[in-house]
Amino acid sequence: MRTETPPTVRLEDYRPSDHLIDRVELDVRLDPHDTRVTARLAIRPNPAGRPGAALVLDGDDLRLVALDLDGEPLAPAAFRVAPSALTLPEPPQRPFTLTIETRLDPTANTKLMGLYRSNGVYCTQCEADGFRRITYFLDRPDVLAVYTTRIEADAAQAPILLGNGNNIESGRIEGTDRHFSVWHDPHPKPAYLFALVGGRLDRMTAPFTTMEGRAVELAVYVEPGKAERAAYALDAVARSMKWDEEVFGRAYDLDVFNVVAVSDFNMGAMENKGLNIFNDKYVLASPETATDADYAAIEAIIAHEYFHNWSGNRVTCRDWFQLCLKEGLTVFRDQEFSSDMRSRDVHRIGEVRTLRARQFPEDAGPLAHPVRPKQYAEINNFYTATVYEKGAEIVRMLRTLIGDTAFRAGMDRYFTDNDGTAATVEDFLCAFETESGRDLADFAEWYERPGTPRVSVSGAYDASQKTYRLDFRQTRPGAGADAPPVVIPVRLGLIGEAGPLDGATSPQVEDGVFVLDRPEASLTFENVTAAPVPSLFRGFSAPVRVDMAMADADRLTLLRHDTDGFNRWEAAQRVAARLTTGALRGEDTGAGAEAFAAALGAFLDERALADPAFAALVLALPSESDLADEIGIDIDPDAIFSARRALRVRLGAALGPRLRALRDALAEPAGTTFSPDAASAGRRALRNAALDLIAVADPAEGTALAGAQIASATNMTDRLAGLSTLALLPGEPRESALAAFAELYADEPLVLDKWFAIQAMIPEDGTVERVRRLQTHPAFAMTNPNRVRSLVGSFALANPTQFNRADGAGFALVAESVLALDRTNPQVAARLMTAFGPWRRLEPGRRAAADAALRRILATPGLSRDVADIAGRSLGDSLTV
């Protein structure tokens, strides 16, 4: 484990590598405890580097066995070696071949970085810097090489051997029980995209023909006996490939595309060239074990990793400061894919909910950083919501600004101009400047500054002139008075009592978009025949906070009449948030709650059966974290929980007859075959949302309905929804249902993850002790990242009342888990640490308890770099980024 104080890496210090590696020939002889890796590296001085510079190859916990230069052993005086580096002080000033043999113990590699063995399967994870745990190398993304990999293993232990690229040779090794397979990837790639897999795996295959006529074999590899559960993932691969051809003109470029599902994986998935490795929760699905949300996540993540083939692999990032260039761009691409596969409005709402729940608090806390950071101490800690989700929003804004046609042309130019290279944000924006003719220098500010901009808006209607003026003012928290404004596209329209005011026009609005690029600006609509309600930031056209004084009645007008689905949902959210925060301030919100319930009832009567997925979202009140974000400072999670629950009780009681009627109308007839399609999933979503509100208003009825649903459910979506509802209703029926569920799914690890998570999220005082008991459950293991995330992660990130307990017990529980996990898997431990991100916004007592927990962690001897970095930044004890 790396426990030394890491050097701070700064963007301004970037310089090209002094050496390049053109070709890599790897010979990997797999063994559970004694794997030997022979790497033959074709190296040459970089003309852009420093002449005569030493060759320093990165390593991490490596053991060197042999070292040759151009076929001759190097004298000990000609090199220096340590587990963390191999140095040739005076390398040849010409092309040469360096042959390095290292020895690894895959079974002992609990960090799950580099080459490791889990459940009998050899697997690799090399992003961001895991390849240096396999062999000494220039482990940086701007060193691209062509790889040929020979993999050898015991044929019985690992009958399947997979590598990057195309399989060019396979066979048995005469006189032994071993076999080999050789893989060649003709496309230059950085080391972080290297992969290999070896083990006993079943597979499901399908043919695919690209738009260029290339025949491709698609395959998904899973644990033995689970191939049928890979069918949906395999179908998602084919749909992703077809969509990328049609929407972005990007065809696949190898003869095979392999997906492998493994149970122990630190991330969701990894886009290794031609060999994507997945956490099995994002591959395996059947109606009996996977929910509608699981199917949607599989579809999205399969697409995300495939789309990296161009936005990340063929065009990679020059350095890790440019991480958003591959991740933010690819998130945007997978969001567009999912929107086309499902409901665009529903998916957009989901994207924004994720952004607000994860990225907005990150931007407002001690872990805030720009989309392109200026510096870092541990790169693994910058795979964040800011890089991914906010990075995607920047790409979306760019498309809004320049239009669909110029955006597609810019994407084509970006891929063409940078194919086979390591690019920068400047390269990306240059392609769009060229195709659109627009100067994007001011827009680039989005990549450079942390913090969520705030836009204040006021409106004034002049009945005599039939004009309506909107005044905008943008500010950015933490930015100085001389900080430049950002370019904010505001998609907007005007709504009247009877519907959209389509006759209203403004020369400052083009294609429904007003560009706010100054600290303050105004626009005026003409031909406005009645006092309007402004529909602002339609489709969430920019990742900003919006302040505009607006009566609940006006927001409910948007709910009834707006043509923008996102803003209809947003209107309901804003009314619910005002009612909840008003109750926290001691206001009498009874009349407002009644009006809100009446408006929701009218909405359900009109839209529920026509668009049940959207209706389910409208019924879902702002989360506790959303409300905490609204309050901003001195947050009391218990008070927020109580106020939110009180409003839910009111709505459940007022809407009760409608909710029961909806459940009856949406019930699937007996014998209906399960389908994960968007329409079917939407009907289940609304039916279960209705159950949730019925139960909070009438716990006795909710207990009966939830129990009956669990007993009669024919799919995991409905069974888990029933159990989730029952988990919020204390009593013997809950405990019996939880016990029965665990017994029924004792042999289904991914389903047990859901069981752990449901209990970790119970908002009751006994949950801390429940989580401690579950940590001793035979099915729980700190060595399994999925299990840790399901129990400890769900508690820390999705149970605000109990994680933030006033007595500090929640903080202590997570701190203990982090320290225990840090010894074996610091990367997952650091991810858990991010739950402390908003701690400074808590009320003083809780703030002190969180501070104490963080300081306890930071003071622990031997702390990993990963956890020390997060703890230090959370306390403000490290450099800004």
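Which strands make up the open sheet of four strands, and in what order?

**Close-up A. An open sheet of four strands in the predicted model.** The strand order is 10-11-16-13, and the pairing is antiparallel. Strand 10 (114-118) and strand 13 (160-163) are the edge strands, each of them pairing on one side only. From one strand to the next, the twist averages 15°. Within this sheet, strand 11 (residues 121-125) runs antiparallel to strand 16 (residues 196-199), and two bridges join them. Cys123 stands opposite Val197 in strand 16.

**Close-up B. Strand 25, strand 26 and strand 31 in antiparallel pairing.** Nine bridges connect strand 25 (residues 454-462) with strand 26 (residues 467-475) in the antiparallel sense. Asp462 stands opposite Thr467 in strand 26. The two strands form a hairpin with four residues between them. Lys466, in the turn of this hairpin, has a positive phi of about 55°. Strand 26 also pairs with strand 31 (residues 520-525), again in the antiparallel sense, over six bridges. Glu520 in strand 31 is the bridge partner of Arg473.

**Close-up C. The aromatic pair of Tyr295 and Phe674.** The structure holds 36 aromatic pairs. In the pair of Tyr295 and Phe674, the ring centres are 5.7 Å apart and the planes stand at 40°, so the pair is tilted. Tyr295 belongs to helix 2 (residues 292-307), whereas Phe674 lies in the loop between helix 15 (656-666) and helix 16 (678-697). The pair therefore ties together parts that are 379 residues apart in sequence. Tyr295 is buried, at 4% relative accessible area. Phe674 also counts as buried, with a relative accessibility of 16%.

**Close-up D. The aromatic pair of Phe332 and Phe407.** The ring centres of Phe332 and Phe407 lie 5.6 Å apart with the planes at 75°, so the pair is edge-to-face. Phe332 is in helix 3 (residues 323-341) and Phe407 in helix 6 (residues 404-418), so the contact ties together parts 75 residues apart in sequence. Phe332 counts as buried at 0% relative accessibility. For Phe407 the relative accessibility is 4%, and this residue counts as buried as well.

**Close-up E. An aromatic cluster, and arginines over ring faces.** One aromatic cluster is formed by Trp243, Phe248, Tyr252, Phe257, Tyr306, Phe307 and Phe337. Arg250 lies over the face of Trp310, 4.6 Å from the ring centre. Arg117 lies over the face of Tyr122, at 5.2 Å from the ring centre.

**Close-up F. Cysteines without a disulfide.** A search of the whole structure finds zero disulfides. The cysteine sulfur closest to that of Cys126 is in Cys123, at 9.3 Å, which is too far for a bond. Cys126 counts as buried, with 0% relative accessibility. Cys317 is likewise in no disulfide, and its nearest cysteine sulfur, in Cys324, is 8.9 Å away. Cys317 is buried, with a relative accessible area of 0%.

Notes:
Residues are numbered from 1 along each chain as its sequence is written. This is a predicted model: local features need pLDDT of at least 70, side-chain atom pairs count only at pLDDT 80 or more; totals for chains, interfaces and linings use all residues. Side-chain values use heavy atoms; hydrogens and water are left out. Rings of Phe, Tyr and Trp (its six-membered ring) pair if their centres lie within 6.5 Å; planes under 30 degrees apart count as stacked, over 60 as edge-to-face and the rest as tilted. Buried means under 20% relative accessible area, exposed over 50%, partly exposed in between (1.4 Å probe, protein chains only). A charge sits over a ring if NZ of Lys or CZ of Arg is within 6 Å of the ring centre and within 35 degrees of the ring normal. A disulfide is a pair of cysteine sulfur atoms within 2.5 Å. Two strands pair if DSSP finds at least two bridges between them. Axes are lines fitted to C-alpha atoms, for helices over the stretch in contact, and angles run from 0 to 180 degrees between N-to-C directions.
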